[in-house]
Amino acid sequence: MTPHHFLTLNDLSSDQLQQLIERGIELKKMQKAGEIHEPLKNKTLAMLFEKSSTRTRISFEIGMTQLGGHALFLSPKSTQLGRGEPIEDSARVISSMADGIMVRTFAHEIVEKMAEHSQVPVINALTDDYHPCQLLADMQTYYEHRGAITDKTVLWVGDGNNMCQSYINAAKQYNFKLRISTPEGYDPKTELLDAHKDRVELIRDPMAAAENVDLVVTDVWASMGQEEEQKKRERAFQAYQVNSELMAQADPEALFMHCLPAHRGEEVSAEIMDAKDSVVWDEAENRLHAQKALLEKLMA
């Protein structure tokens with residue numbers, strides 16, 4: 001049987017994604033109540049990390065433990081991947097033993113090639129192009145606090161990076177309007193914008209873009225692998241900080257999200273990080289519960 005991979009949000013239907021939200025909330029309640037639920041007993045998730053991580057490693061490792069399974073941490077330094085073994089060869093070997101593969105890497109083509117040659121589900125835990133697992137957590141968090149995000153308006157402020165591009169996919173899959181406010185030269189992929197013109201709008205002025213939105217989301221100005229551009233990006237994004245002035249433009253019930261880690265005083269002010277409408281800590285915890293729902297769906 002062909003395994004079901006999760007490389008972008010488009011690998012599941014809108015109905016399936018909604019089911020994951022509801023299941024994630026259910027699994028969260030079960031875990032808080034101390035209920036033992038082990039559908040993945042004796043199953044192993046191989047976790048390949050080429051990029052460093054806090055929330056991704058903790059959430060997948062603990063999630064597998066809570067589901068009765070085992071998570072195996074693999075890095076390039078500790079495997080033959082770091083010595084040039086082809087991705088397709090590694091995929092064949094790992095998938096012959098493990099029950100699932102999670103990959104956190106640079107080029108999106110790596111997870112695509114891994115999936116192409118794997119006998120088991122492959123999960124994209126972040127590439128330079130997409131971060132779909134974070135969107136599962138974000139959508140669950142919004143649902144818990146405000147209900148369905150359908151027909152709401154979301155503002156992405158900052159770099160048109162993997163998170164921004166995942167929000168473009170989410171706009172289609174969860175049926176909301178998305179405004180993207182980013183300086184020239186830092187837009188998401190043109191083909192993505194063109195394919196979603198019906199619900200995605202590019203607005204350069206962040207203050208104008210924030211008017212009456214229901215959710216404001218941002219990320220660091222320089223992602224992993226872009227550290228040498230930090231000073232240049234600080235200058236380019238100076239007007240794109242999420243602060244109290246920008247949030248005042250949004251709907252009074254608007255929430256603030258950030259996938260973390262955050263650079264307080266850069267892309268977001270410390271005041272907004274700790275404000276009552278900031279749900280960044282719930283969002284971070286929901287990586288665990290949303291991904292448990294995903295693991296259960298793909299591997300149980």
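To follow the sheets, we need a rule for strands: helices (H or I, at least four residues) and strands (E, at least two) are DSSP runs, numbered from the N terminus. Two strands count as paired if DSSP finds at least two bridges between them. This is a predicted model, in which local features need pLDDT of at least 70 and side-chain atom pairs count only at pLDDT 80 or more, while totals for chains, interfaces and linings use all residues. Residues are numbered from 1 along each chain as its sequence is written, and side-chain values use heavy atoms, leaving out hydrogens and water.

Let us start with the open sheet of four strands, whose order is 2-1-3-4 with parallel pairing. At its edges you will find strand 2 (70-74) and strand 4 (122-124), each pairing on one side only. From one strand to the next, the twist averages 20°; axes here are lines fitted to C-alpha atoms, for helices over the stretch in contact, and angles run from 0 to 180 degrees between N-to-C directions. Strand 3 (residues 100-104) runs parallel to strand 4 and is joined to it by three bridges. Isoleucine 101, for instance, has valine 122 in strand 4 as its bridge partner.

Now move on to an open sheet of five parallel-paired strands, ordered 7-6-5-8-9. Strand 7 (200-202) and strand 9 (255-258) each have a single partner strand, so one side of each is left without a neighbour in the sheet. Here the twist averages 20° from one strand to the next. Strand 8 (residues 215-218) pairs with strand 9 in the parallel sense over four bridges, and threonine 218 has histidine 258 of strand 9 as its bridge partner.
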